[in-house]
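Hi everyone, thanks for coming. Have a look at the picture, and then I'll walk you through a few places in it.

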Number of protein chains: 2
Amino acid sequence: MLSSDVKVISVDDHLCEPRDLWERRLPARLQEAGPHVVETDGGSEQWCFEGVIAGPSGLSAVAGTDLKGRTMDPRRFDDMRPGCYDPVARLEDMDEDGVWAQLNFPQFPGFAGTRFLRAKDHELAHACLQAWNDYVFEEWCATSPDRLLPMILVPLWDPALAVAEIERCAPRGAKAITFPDTTDSLGLPSFHTDHWDAVWSAAEAAELPICMHFGTSGVPRAIAPDAPKMASTVIAGFTLFPSMSDLLCSPTLHRHPKLQIVYSEGGIGWMPYALERLDQVWEHYRFYDLEPRVDAEVRPSDLFREHVYGCFIDDRFGVENRHKVGVDRILFETDYPHADSLWPNSRKHVEEVLTDVPADEAKQMVHDNAVRLFRLSD
Amino acid sequence: MLSSDVKVISVDDHLCEPRDLWERRLPARLQEAGPHVVETDGGSEQWCFEGVIAGPSGLSAVAGTDLKGRTMDPRRFDDMRPGCYDPVARLEDMDEDGVWAQLNFPQFPGFAGTRFLRAKDHELAHACLQAWNDYVFEEWCATSPDRLLPMILVPLWDPALAVAEIERCAPRGAKAITFPDTTDSLGLPSFHTDHWDAVWSAAEAAELPICMHFGTSGVPRAIAPDAPKMASTVIAGFTLFPSMSDLLCSPTLHRHPKLQIVYSEGGIGWMPYALERLDQVWEHYRFYDLEPRVDAEVRPSDLFREHVYGCFIDDRFGVENRHKVGVDRILFETDYPHADSLWPNSRKHVEEVLTDVPADEAKQMVHDNAVRLFRLSD
């Protein structure tokens, strides 16, 4: 059971950028190409970046709406709850939801900033990315530094710039870095290369966990294009299993003993199977397949227990099997304001899911692990 | 515990076609283009089809070899155990393994015959496919009809031909049809169309389950190309989760109430999470996403429990959670002679895995469910 005095910390939510974020923060010469909101003929408001109109989709901000009323159509800012883009309203919505603190991913830039990776003009993209990080420190999180925890974007197109951004933001109190769950799918070197070593070392030095949200690598097309949207939604979190297998079979965690990875919105109920399967395959394949890249004496499940966190919203099977994942390796998330969110019932719901869980373990998963990992004062 | 008098039935093994299968069975005019074995410069023996040399890889027949000695290199027939391609030797290997009966997938044609789908000449491919089915009835399974169970290939490029092949083979005692786990990935219409309805109806009429082996749809590239082979091997079975989500969100099972699907070499430990997640997403999305294609009152997990079987080799977590899958929905497999096989210890191993399982449930999973589903006499 979850004791009533435990402050719930959610490690995966989303802030919808206010319409004037970049207009206010970019130098004048970059404003026309930078992200700004335009009216479309269909009566929706959408972002325009480098002359291209893109998103948001209707599912990106539906917290509190009736299930039967949801559509895929683009929406207007006025259709969203102000808590989507206004940090003061967000805190009120968190109060109503029973959530003490949140770690928010970007929305328009992509959850790991891949829109800026794909930009034609990387100088512009760099300015946009730094403006987002500055907004997070100076406005969003400044509203309530204990409750709105700063996560930062890094330029994915240049590891040296990424290191510089980590070093620029760490002293300002950054708590985490958002990063794609795989990179080769984005046309970048994979985790099997040494391309990212300086970035991982900078994250280790700054004690910043890497949050890898499902979908940030570009979801592999494993579902028929004419399937209902729900089919790909079902497997969304599951797409982190290939990513985790890729990472745990790579040299990354062997070379970076302090690096911490959080798989966001991936669920935990699949992890016990995944860890058993990883170790079985490692047993069969390690002698000819791994050498000399990784240490063939360290099991993938050992790496997991030192380096990886899973997150849950509503995953009864995962919670029942928490000891197979490791109670110290599980975090809670609420996904406000997206379609998986249970707002305004997140706390009520997780209390119910945790009914049969001992109080100390419940507290670990919804509070203590996040405090330790993100070095929170509370 | 598994009682010593229970006959173990494995529903997923592989027969390596003997080198002269097609030379003996194709008309003379097709023999040059048809599959035949050639010596390569590197000293291996490989299949040649339509003038192209292809496979087998070294991992396709390793049962009983030392883990440290395994390589990815192509092999010679003499390097394999005769049980790979000789049904008499196979029965001896099954005796040594403690396995009573096997259902064998093809090897060279692809586990669901996709090599023939990709053939330039479909008249040739059709003849090759029928030769394989004839070989299975007349030679492989004729050696011991109770112990070697006939599974058939169908022409994937033409549903009418597939129906004809089902109708040709059903009266000969076919027990199952091998079929890709998704079709759109192969450039064919998806399960969301009515393209396959006649095939499903023919399978229902003949009471033939559809066995969908992982990898038959072309594994989605979710792992970095420079990752160790082990990373993609780990997720192999997991690739059936997207396929299952695709199927359970499609009209297929709503329209074909008797159709039975077996997910081969996919494991079962991920299924409880998958079923919980499927129902959650269905709850959130069904009103605007499914209509009018499927019945929005039938949960994906309800469809699963009427239509789907999972299979396990060595999946302790799955066996522990068998009641969340349904003990009547679980089958056993040994994967002889591939890399996941535990030959000659399959029975010993599954006895150990089932130590804490009540005898009636153990018998259901390794015997009774297969007898019922495949209409076996035993």
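When I say buried, I mean under 20% relative accessible area. Keep in mind that this is a predicted model.

Let's begin with Phe116(B): its relative accessible area is 0%, so Phe116(B) counts as buried. A search of the whole structure gives 29 aromatic pairs over all chains. In this one, the ring centres of Trp22(B) and Phe116(B) are 6.3 Å apart and the planes sit at 80 degrees, so we call the pair edge-to-face. Trp22(B) belongs to helix H1 and Phe116(B) to helix H4 of chain B, so the pair ties together parts 94 residues apart in sequence.

Another edge-to-face pair is Phe241(B) with Trp270(B), at 5.6 Å centre to centre and 70 degrees between the planes. Phe241(B) is in helix H9, while Trp270(B) is in the loop between strand E10 and helix H11, 29 residues apart. Trp270(B) is buried, at 0% relative accessibility.

Now, how do the two chains relate? A rotation of 180 degrees, with 0.0 Å of shift along its axis, superposes chain B on chain A. That's the relation of a two-fold axis. And here's Trp270(B) again: in chain B, its C-alpha is the nearest to the axis, 2.6 Å away.

Last stop, the core. Which residues touch the most other members of the largest nonpolar core? Among its 215 residues, they are Met244(A) and Met244(B).

How values were computed. Residues are numbered from 1 along each chain as its sequence is written. Chains are lettered from A and ligands numbered from 1 in the order in which they are written. This is a predicted model: local features need pLDDT of at least 70, side-chain atom pairs count only at pLDDT 80 or more; totals for chains, interfaces and linings use all residues. Side-chain values use heavy atoms; hydrogens and water are left out. A nonpolar core is a set of buried Ala, Val, Leu, Ile, Met, Phe, Trp, Tyr and Cys residues joined through side-chain atoms within 4.5 Å. Buried means under 20% relative accessible area, exposed over 50%, partly exposed in between (1.4 Å probe, protein chains only). Copies are superposed by least squares on the C-alpha atoms of residues with pLDDT of at least 70 in both. Rings of Phe, Tyr and Trp (its six-membered ring) pair if their centres lie within 6.5 Å; planes under 30 degrees apart count as stacked, over 60 as edge-to-face and the rest as tilted. Helices (H or I, at least four residues) and strands (E, at least two) are DSSP runs, numbered from the N terminus.
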